[in-house]
Amino acid sequence: MLGKLFKYDFKEMGLILVPIYLLYVGIMAAFMVLLILARSSQIVEENTLFGLLFGIVSLVAFLSMGLILVVGSLAIVYHFYRKFVTEEAYFTLTLPAKPWEHIASKLMANVVWQIITWGVFAVSVFIALFASGMLDVMADSDLFDLVLSQLQIVWEESAAELNLTAGTFVLWVIYVILSIITGPLIYFASISVGQMAGKHKILASIGAFILINMLTAFVLGTVASGYMNLSATGSLVATIVETLVMSVIYLLITTSFLSHNLNLQ
């Protein structure tokens, strides 16, 4: 059942995100075409209308590059809210699945779409750099070698400071994965608590989100003071344990409210 739920949630989120991605791609395509035209001729200087259009499209393109990452998070919130707080919750609850399966399905779909969103963002940045000629400039000059050498220095200094080995690298990968999972779970827990408020569910969910984050920061800050003398690896392990514990708490909050305290009024 979990696999079927995942396919359904993945497609549902796709219906929200794919049109937004297509719009984003269209904006970036227009920006790149205008950028190539501007590089290949003096049209920007000779044509005021083209220069104005190029400026507007460039501004929209750069704003879109930032907004595309925000849209991914908003889609997570909207999809979960619609499935458990609106009238669509009646259909969701008639499915022969346990609450944890619904949560796990939506969590997996959200994580996959987060990865896709970052992939779309990274590709668009690379293409924009290519269209602007920055990659050619870097390749034809010493700038590319300089950037690589600086990155190598930063990497070596960071590796020495953090005592980075194969083992600690694996720990960092685990921490990143847990962080990606924890993000949606905070939204799920906030909406699950906020839906108890009746007519003010959205405001209550926002308030719950702020409160949960404040409590999390307070608890983690208090706990972190206890292992300040640990090594870099020890601190990383402690952070991973903290993140895992908080993820489980968010999951338990969500499961508990959706199982016993769901308010569809």
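## A briefing on an all-helix chain

In this chain, residues 24 or more positions apart account for 79% of the contacts with a separation of 6 or more. The model you are looking at is predicted, so please read each value below as computed from that model. The secondary structure comes to 10 helices and zero strands, and 32% of the chain's 265 residues count as buried.

**The overall layout**

- If you trace the chain from the N terminus on, the elements run α-α-α-α-α-α-α-α-α-α.
- Several helices will come up again below, among them H1, which covers residues 2-40, H3, which covers 48-84, and H5, which covers 99-132.
- Further along you will meet H8 (166-194) and H9 (201-224), as well as H10 (residues 232-260).

**The nonpolar core**

- The largest nonpolar core holds 35 residues.
- Inside this core, the residues with the most contacts are Met13, Met28, Phe31, Phe188 and Tyr250.
- Which helices each supply at least two residues of the core? They are H1, H3, H5, H8 and H10.
- H1 gives the most to this core, with 11 residues.

**The largest pocket**

- About 310 Å³ of space lies in the largest pocket.
- The lining of this pocket is made of 13 residues, and those closest to its centre are Val77, Ile191, Ile202, Ser205 and Ile206.
- H3, H8 and H9 each supply at least two residues of the lining of the largest pocket.
- H3 provides the largest share of that lining, six residues.
- By residue type, the lining of the largest pocket divides into 10 nonpolar, three polar and no charged residues.

**The second largest pocket**

- The second largest pocket has a volume of about 170 Å³.
- Residues that line the second largest pocket include Leu69, Gly72, Ser73 and Ile76, and also Asn110, Trp113, Gln114, Thr117 and Trp118.
- Gly183, Pro184 and Tyr187 are also among the residues that line the second largest pocket.
- The elements that give two or more residues to this lining are H3, H5 and H8.
- Which element gives the most to the lining of the second largest pocket? It is H5, with five residues.
- The lining of the second largest pocket divides into six nonpolar, six polar and no charged residues.

**Aromatic pairs**

- The structure holds six aromatic pairs.
- One of them joins Phe6 and Phe10, whose ring centres are 5.9 Å apart with the planes at 35°, so the pair is tilted.
- Phe6 and Phe10 both lie in helix H1, four residues apart, which is about one turn of the helix.
- Phe6 is partly exposed, with a relative accessible area of 25%, and Phe10 is partly exposed too, at 26%.
- Trp172 and Tyr175 form an edge-to-face pair, at 5.9 Å centre to centre and with 85° between the planes.
- Because Trp172 and Tyr175 are three residues apart in helix H8, about one helical turn separates them.
- Trp172 is partly exposed, with a relative accessible area of 34%, and Tyr175 counts as partly exposed at 25%.
- Phe6 and Phe10 turn up again in one aromatic cluster, which they form with Tyr21 and Trp113; Trp113 is also one of the residues that line the second largest pocket.

- Glu242 is found in helix H10.
- Is Glu242 buried or exposed? With 12% relative accessibility, which is under the 20% cut-off, Glu242 counts as buried.
- Glu242 and Leu220 are 22 residues apart in sequence, while their C-alpha atoms are 7.3 Å apart in space.
- Ser247 also lies in helix H10, and Ser247 counts as buried because its relative accessibility is 6%.
- Which residues does Ser247 touch, not counting residues up to four places away in sequence? They are Leu178, Thr182 and Leu185.

Definitions and conventions. Residues numbered from 1 in each chain as written. Predicted model: local features only at pLDDT ≥ 70, side-chain atom pairs only at ≥ 80, totals over all residues. Heavy atoms only, no water. 1 Å grid on protein atoms, 1.4 Å probe; cavity = no way out; pocket = protein on both sides within 12 Å on 5 of 7 lines; lining within 4 Å. Points joined across faces, edges and corners; volume = space filled by probe spheres on them. Nonpolar A, V, L, I, M, F, W, Y, C, P; charged D, E, K, R; others polar. Buried < 20%, exposed > 50% of the residue type's maximum accessible area, 1.4 Å probe, protein only. Phe/Tyr/Trp six-rings, centres within 6.5 Å; stacked < 30°, edge-to-face > 60°. Core = buried A, V, L, I, M, F, W, Y, C linked by side-chain atoms within 4.5 Å. Contact = heavy atoms within 4.5 Å.
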